Amino acid sequence: MSLLEVSDVSKTYGSGRGVVTALEDVTFSVETGSMLAILGPSGSGKTTLLSIVAGLLQPTSGRIVIDGQPIHLRSQREAALYRRDKIGIVFQDYHLIPYLSAVENLLLMPRLAGRATRAHREKALGLLEEFGIGERAKHAPWELSGGERQRVAIARALMNDPEIMLVDEPTANLDTERGTQVVAMLGEHVRGRDMTCLMVTHDVRMAEGADRVLRLVDGRVV
Amino acid sequence: MLALSEIVHSKLKFALIALAIGLVVALTMTLSAMSEGLVTGMTGAKGNLDADALVFQGDTYLNFERSLLTTEDVEQIRSAEGVAQAYGVGHVYISVDAPEESFDTHAFGLTGDFEQLPVVEGVGGMPQDGETIVDETVRSEGVEVGDTVTLTPIGRELTVIAFTESRRYVMAPVFYVNMNTYEDLRAASMFGVMAETSDAELPSATHVTDAVEGNVSVAAVKLDEGTTVEELAAALDDDFDVVTPDEAALAGNGMPVMVLAVNGIQVVSFVIGALVIGVFFYITTLHKTGQIAAIKALGASNAFVYRQLLAQILLLVTAGALLGTGLALGAGASMPPAMAFDPRPDRWSVTLALVYLMAFVGSLFSLRSILKIDPATALDHAEH
């Protein structure tokens, strides 16, 4: 069953002669429990596509349907709630909150929805254990290595049991070995939890860790 | 929680912001207290009279130097409808030969109610003839309780039995005396002036004393419950001006202009302080644009981000307010007694409330920034 369906999505910036087409008639779907790698060079529209699926950008045309619900027409406030409750985002630059420890960065997610309970803390510590950084739970981001920060960022995205994980260049700041480990770890969690994952990457080797690969060039699926 | 965590993480940065807020609060409070001190120094003895209304001679400035009420006037006031009690307050200029330096000041004669003078040293109550209770700022002239000072050129002596506080008039410490002493001083002053300035045959001192007996500058009135100052004014004829002690304090002796000036100083200092506080929080918000974009991208509402900012402002302004109050009190304590500094809790409370209000208003600029931060920029890294 397709959890995510993207149909004829286009995105243009500017107007008149200055119009720039970032995406053109992009169509694809992703099954529950699978991982889709969006592969393409810099400037191909990968991040724009990820932003549209996240509800951070409105498409110029086309439809995005998640679990039968169109999400491309939502207001900013509705989109924020949708990201908070349904989406887990892993940023290329991690965007960990510098003044929160690793475990507190994970607890930020339940705090956005209200308050973090003892159960949330136990869950956060469990996730950090799963990612092999349990002993680093109380360390601040600046005390962690790049790989550790990436794992904290992924654990944070998993904290609210999202239906869809959106992962932006997860290996851009890692060496090949660590990058491969991170992608493998990500794949395990996605399949083990019946969620859907869109991973943007420009690295063919990392894309091989996904179930399917969607190639984007100049905003088009090729 | 985020607000507190960030403060704990960046202690130095936020300590400096709290210090800056504290300095703004201290500046505003010190100026407020100095302004109040000026007003108290100018008219404390007038405004602090224990009365609901002060009755002045009609058609004069509302100051003690110009007003003159006869015994009959005071009796007329005392018997007016709505008056529960009335006592006379006489004013006379005196020159004091003090240990440090001779100075000119004012003596107030009260027909009663010396209990209204708060005693900070010595023993209060009705002074005997030749005794006085003086505002404590006279200490700066080297006068202490128990001293006997000589008044020049009239040659009278007054023994200081107690110090009171906040009882200055036109920036000079007031000497409170009983009516016998007041009348003696007044007659001696008039006689002395006439002796120095006239070749004419002088009336005897006894005659002058008789002529001024019972005369005072104003009548201090306590009203029956439910009677207003306006009703008393209506009950008396046009020969009198009736005002509250506070109104009297802010009238005459150039007070309206001075009050306008000190209020202007306070407003300017406050506006600048408020802008500084607002700009601080605006800049800290601008520095966190990337972080706020990421939190919004994760699903935080603008309200969530703004709540964190407000919590941070509340914590920092509270820290700044405590620090500023301490600094202002310290500044006041280190000032010499003669320096005008009169911290009033009500005015300082208003100052603090306004600081919180202005910090909140300043936070609205930050809110505007928060609303404008596009969460999509968290994913944006030179690609479309």
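How many helices and strands does chain B have? Chain B has 11 helices and 11 strands, while chain A holds seven helices and 10 strands. Helices here are DSSP runs of H or I with at least four residues, strands are runs of E with at least two, and both are numbered from the N terminus. The model is a predicted one, so local features need pLDDT of at least 70 and side-chain atom pairs count only at pLDDT 80 or more, whereas totals for chains, interfaces and linings use all residues. Residues are numbered from 1 along each chain as its sequence is written, and chains are lettered from A, with ligands numbered from 1, in the order in which they are written.

Take overall shape to begin with. For the 222 residues of chain A, a compact globule would have a radius of gyration near 17 Å, and chain A agrees, with 17 Å. That radius is taken over C-alpha atoms, and the globule rule is 2.2 Å times the number of residues to the power 0.38. With chain B, a compact globule of 384 residues would come out near 21 Å, but the chain has 29 Å. Its C-alpha trace spans about 105 × 50 × 35 Å along the principal axes.

Buried residues (20 or more other C-beta atoms within 10 Å of their own; exposed means 12 or fewer, partly exposed in between, with C-beta atoms placed from the backbone) make up 49% of chain A and 42% of chain B. Contacts are pairs of residues whose C-beta atoms, placed from the backbone, lie within 7 Å. Of the contacts in chain B between residues at least 6 apart in sequence, 81% join residues at least 24 apart; in chain A, 71% of contacts with a separation of 6 or more involve residues 24 or more positions apart.

Where the two chains touch, chain B puts in 22 residues and chain A 30. On the chain B side, helix H1 (2–9) and helix H9 (289–298) are the elements giving two or more residues. H9(B) gives the most, with five residues. By class, the chain B side has 10 nonpolar, eight polar and four charged residues. Nonpolar covers Ala, Val, Leu, Ile, Met, Phe, Trp, Tyr, Cys and Pro, charged covers Asp, Glu, Lys and Arg, and the others, Gly among them, are polar.

Within chain A, helix H3 (residues 102–113) and helix H5 (residues 146–158) have axes that come within 8 Å and cross at roughly 25°. Axes are lines fitted to C-alpha atoms, for helices over the stretch in contact, and angles run from 0 to 180 degrees between N-to-C directions. H3(A) and H5(A) are therefore roughly parallel to each other (angles under 35 degrees; over 145 is roughly antiparallel, 65 to 115 roughly perpendicular, and the rest oblique). In this pair, Ala102(A), Asn105(A), Leu106(A) and Met109(A) of H3(A) meet Val152(A), Ala155(A) and Arg156(A) of H5(A). That contact has five nonpolar, one polar and one charged residues.

A few backbone details stand apart. The peptide bond from Thr152(B) to Pro153(B) is cis, with omega near -5°, and Pro153(B) sits in the loop between strands E6 (148–152) and E7 (156–164) of chain B. Glu169(A), not a glycine, has a positive phi of about 40°. Glu169(A) is buried, with 24 other C-beta atoms within 10 Å.
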